[in-house]
Each structure stands twice: as C-alpha cells, then as structure tokens.
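These are my notebook entries on a single protein chain. I record what I looked up, entry by entry, with the cut-offs I used.

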Amino acid sequence: MDSLTQAVLGATVGELVLGKKVGNKAPLWGAIAGTIPDLDVLLNFFVRDVQSTLWHRTFSHSFIFLTLAAPLLGYLVYYLHRNSTSASPIDWFWLFFWGLITHPLLDSCTNYGTMLFYPFSDFRVAFRTIYIIDPLYTLPLLVATIAVLFMRRNSRTRKNTARLAIILSTAYLLLTSANKLYVNHVVKHSLEEQQISHEKFMSSPTFFNNLLWSVIVKSGSDYYVGYYSILDNKKQIDFNKISQQKGMLLPYLQKAKAEDRQLILELLEFTEYFYLLEPVGDKLNLYDLRFGKLSGWFDDAQNYIFTFSINSQEEELRIERVDAKLELQREDFLRLLKRTKGN
C-alpha cells in the first residue's frame, strides 16, 4: 500500500497497543514502525534498478526479519524514553511487532507480491483484493490518527476511536475479498460460456476503487483482457485478445551471459508470466501486464506502468527499468468512472 496508509495503520496499531501508557508517543512510533519495511527502496542507490524492483518486498517484509527487528527497535525506543514513560521494553516490543507485521500483511492484499516467508520461501503472496491506494480503507485510519492526538491518553474515547478505525478498515478489507470472490466467479462463468481454454487468470481492482476490476487470462501464448464492475447488470466479461510474442525473447537469452540470463528469468518469474514483448528500435520491451497501463486501460497508446528494456550490444546485454511518464487525461478518469457505474 501507499506510504500514508501504512503510516496511519501503524499509528492506529501503536495507539491500541501503548497509547494509554505513553500518549502521543504511541501513534508516533507506530507510524514509524509502519513505514520501516518500505525502507528497502533505498536499495535503488546501491543496485541496478531491475534488481531493486525484484528485491522490493522481500527480506524487509518477511515475518522472520521483522520479528527479529521488533525487540531491537523496542529496546532502543525504551532506552530513549526510559525516564519519561512507564512503558517497559516488552511494551515497546509489542508496539513495534504489530506496527511492523501489519505492514506486509496489508501489502500481501495488493498486486505486487510480498515474500512473507523469506528466506525459507521466495513465494510472493498477492491476494489482489485491494488497489495500492484506496481512500475508503485509509480514511478511517487517517481520521483516527489525527483525532487521538487531541485526546487525553487515559480517555476511553481515545482508545475506542482507534479501535473503531481498525474495525472499519478491516471490515472494508473483508468486503474487498468478497468482491474478488464474486468477480472470480463471473470470470469462470464468462470463460466457460465463451469456451476460452486457459492456464490461469488474475483479477485485480482498478485505480482507487474496489468496484471496477481488470481481468487477465493466460491462454497459451495469448492473453485475454477485460473489465468487470460489481455494478454490471450481466455476469459477462467482454475480452480482447493480446499476443504475448514469447519467441522474441529467445535470441536475447541465447546471447546473454549467465548472470544476465538469470536476471531475465527472475524478471519473468516476478511478472508471474503475465508479460508482453514488443520490439522498440534495437531494443526489446518487456511489459508486466499485472499492473496495466497508466490510464488504467489496455487499449490505448500510453505506457505500461512496469516496463523493462532489454538491449543487446555485441557481447553485452543491458536490462533496465523504463520509468513511465504519468500523463493521465481527464477522459481516462471519466471513462473509468463511466465503466465503474456498470453496463
């Protein structure tokens, strides 16, 4: 999820764990704890951009790493505040434990994939029930975080406010799971009716909402893409066919050194094999289909959110991530809004 959401989730959790004992220090340190796992983005300064993409949400989001980090951080903060609060090291441990752990748990509900069990497993957990920015999830936590700062730490209203925020946000998260189950049912029904053979499919919510969902179906070397709104009258998805062009990658794999070949294979695994290939000049672009295009639609000329460029120059193979330029048009938002209302 986005940084604001993770911060206010951590702040609310921190308030529930330790607000009564340490007052506003609890949401402050909770917000910090909720942000810490995403500090792995600092790897951008030390490794290739492709590697930093692959390493994001790995070790810094694993249950093992965060469980080990919690007592260390807890003791440091205890030492910092030992003369000004009655909180013990174990109190601070629990604040950091829950502040840290809730971060990857929430991230695992999004599209990117989170290695919760690293280093014992490199499987990326991705339930894909919520978009990375969803105001309906964030708002109760944000309001509660601000509100508790102006309440007495011993106030019952203060704790109830934080508790209500967690209940509302968790209830919404459960609703997103129910929406996904319903959408998946419609996908299976549509594939069966249209007699589309497939290996697998994925559904994920579109920008800033949980009503309109995008669907990608993998069928051999082709994909079928479409959209479905919870508000649609019919349980039917109109699919468009896209060719993967898988064979284009073979010459590059044959030329690549072992290290670069391994990087490409890891990149394909990262996309869960939902990728497209397209020659652009003397380069080959690899698009991660899971995140779609910047406009939210598959059928326009804008860039894919996750684009990787593979360039072969004599004996050297260069693999780089291409930064997509955000050029959202008013028409794109209106189109999304119209489609969200159903057909």
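**Entry 1: burial and overall form.** I looked up burial and found that 51% of the 343 residues of the protein chain count as buried (buried means under 20% relative accessible area, exposed over 50% and partly exposed in between, with a 1.4 Å probe and protein chains only). I note that this is a predicted model, in which local features need pLDDT of at least 70 and side-chain atom pairs count only at pLDDT 80 or more, while totals for chains, interfaces and linings use all residues. Residues are numbered from 1 along each chain as its sequence is written, and side-chain values use heavy atoms, with hydrogens and water left out.

Along the principal axes, the C-alpha atoms fill a box of roughly 65 × 55 × 35 Å.

Entry 2: I found ten helices and eight strands in the protein chain; helices (H or I, at least four residues) and strands (E, at least two) are DSSP runs, numbered from the N terminus. Of the contacts between residues at least 6 apart in sequence, 59% join residues at least 24 apart, where contact means heavy atoms within 4.5 Å.

The 36 positive and 33 negative charges have mean positions 10 Å apart. Lys and Arg count as positive and Asp and Glu as negative, with His and the chain ends not counted; a charge is placed at NZ of Lys, CZ of Arg, CG of Asp or CD of Glu.

**Entry 3: aromatic pairs.** How many aromatic pairs does the structure hold? I found 21. Rings of Phe, Tyr and Trp (its six-membered ring) pair if their centres lie within 6.5 Å; planes under 30 degrees apart count as stacked, over 60 as edge-to-face and the rest as tilted.

One of the pairs is tyrosine 112 with phenylalanine 270, edge-to-face at 5.3 Å centre to centre and with 65° between the planes. This pair links distant parts of the chain, 158 residues apart: tyrosine 112 is in the loop between α5 (89–107) and α6 (135–148), and phenylalanine 270 is in helix α9 (residues 258–270). Tyrosine 112 counts as buried because its relative accessibility is 9%, and phenylalanine 270 counts as buried at 3%.

I also looked up tyrosine 224 and phenylalanine 239, an edge-to-face pair at 6.5 Å centre to centre with 80° between the planes. Tyrosine 224 is in strand β3 (residues 222–229) and phenylalanine 239 is in the loop between β3 and β4 (240–243), 15 residues apart. Both tyrosine 224 and phenylalanine 239 are buried.

Ring pairs also link Tyr112, Phe270, Phe291, Phe306 and Phe308 into a cluster.

**Entry 4: single residues.** Is histidine 103 buried or exposed? Histidine 103 is buried, with a relative accessible area of 0%, and lies in helix α5. Apart from neighbours within four places in sequence, histidine 103 is in contact with Gln6, Gly34, Pro37, Asp38 and His61.

Threonine 129, in the loop between α5 and α6, is buried at 4% relative accessible area. With neighbours within four places in sequence set aside, its contacts include Cys109, Thr176 and Trp213.

Lysine 200 is in strand β1 (residues 200–205) and counts as partly exposed at 30% relative accessibility. Beyond neighbours within four places in sequence, lysine 200 has contacts including Ile216, Glu272 and Phe274.

**Entry 5: backbone.** Most residues other than glycine have a negative phi, and most peptide bonds are trans. I found a cis peptide bond joining tyrosine 118 and proline 119, with omega about 5°; proline 119 is in the loop between α5 and α6.

Glutamine 195 has a positive phi, near 55°, and is exposed at 72% relative accessibility. The phi of glutamine 245 is also positive, near 60°, and glutamine 245 is partly exposed at 36%.
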